[in-house]
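Hi,

Here is the structure I promised to pass on to you. Have a look at it first, and then read on for what turned up.

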Amino acid sequence: MTKVLILYSSIDGHTKKIVETIKENLDSKNIISLSTINNAPENIENFDKILIASSIRYWKILPVARKFVQENHQILNTKKTAFVNINLTARKTWKDTPETNAYTKKFLLKTPLKPKLTWVFAWKLDYSLYGPLDTLMIKLIMKITWWPTKTPEPIEYTNWEKVKEFARDFDTL
Ligand SMILES: Cc1cc2nc3c(=O)[nH]c(=O)nc-3n(C[C@H](O)[C@H](O)[C@H](O)COP(=O)(O)O)c2cc1C
């Protein structure tokens, strides 16, 4: 039986929803642990496969994820480690792969982590969650790129079929 560890960092909860969907779609014969990076188990070397998931805030992978990867890359690189990145830019289908998403490309270039599998997923737009400054920033970015600056309901740009496809790929890693 494969021991799988899923670690995530999420501010508004969307990355959490994505990793929970991944977990639900993994082979049920796996033994799967899911937790925030802050609550990562001490003994990560006991796992066969590890998934690290983080969203982007202000052009960067969340600091907790960057720190964890920096401190644990030697162990992570000996495992079947995957990395998934969630961000606004990936709502554009021509910017939603590790090769075309600038944040993911930059992170992979700079980090000592060498994931065996990397995927990018698009975000959820929910203006009700952001404080005034963050709302202003998001609206500015959306306006520049001609996307909605007002939505009565949150919009999920995430392609859930792609999330399930990732789960299948991660299973066969
Ligand atoms: C304040 C703020 C800043 C953001 N900065 C970026 C950014 O620089 N680039 C980007 O592509 N997405 C950016 N995003 C989009 C987030 O990556 C997206 O909302 C993601 O779904 C958040 O995941 P979480 O709910 O797990 O925290 C930003 C979102 C917020 C609210």
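This is a predicted model: local features need pLDDT of at least 70, side-chain atom pairs count only at pLDDT 80 or more; totals for chains, interfaces and linings use all residues.

The ligand sits in the largest pocket. Several elements give two or more residues to the shell around the ligand: α1 (14–24), β3 (49–57), β5 (80–87) and α4 (132–144). Of these, β3 gives the most, with 3 residues.

As for domains, both domain 1 (3–123 + 158–172) and domain 2 (125–156) give residues to the shell, so the ligand lies between them.

There are 21 residues around the ligand, and those that come nearest are Ser10, Ile11, Thr15, Ile56 and Trp59. Sorted by class, the shell has 10 nonpolar, 7 polar and 4 charged residues.

- His14 has a backbone N or O atom 2.8 Å from an oxygen atom of the ligand.
- Leu88 also places a backbone N or O atom by a ligand oxygen atom, at 3.1 Å.
- Tyr103 uses its side chain instead: a polar atom there lies 2.8 Å from a nitrogen atom of the ligand.

Finally, on burial: the ligand taken alone exposes 630 Å², and the protein buries 99% of that.

Best wishes

Conventions
Residues are numbered from 1 along each chain as its sequence is written. Side-chain values use heavy atoms; hydrogens and water are left out. A residue is near a molecule or strand if one of its heavy atoms lies within 4 Å of it. A polar contact is a pair of N or O atoms within 3.5 Å; within protein, one must be able to donate a hydrogen and the other to accept it, and residues adjacent in sequence count only if both atoms are side-chain atoms. Accessible areas come from the Shrake-Rupley method with a 1.4 Å probe; for residues, only the protein chains shown count as cover. On a 1 Å grid over the protein atoms alone, a cavity is a set of points where a 1.4 Å probe fits but cannot get out, and a pocket is an open set with protein on both sides within 12 Å along at least five of seven lines; lining residues have an atom within 4 Å of a point. A molecule sits in a cavity or pocket if more than half of its atoms lie within 2 Å of its grid points. Helices (H or I, at least four residues) and strands (E, at least two) are DSSP runs, numbered from the N terminus. Ala, Val, Leu, Ile, Met, Phe, Trp, Tyr, Cys and Pro count as nonpolar, Asp, Glu, Lys and Arg as charged, and the others, Gly among them, as polar. Domain bounds come from an automatic or database domain assignment.
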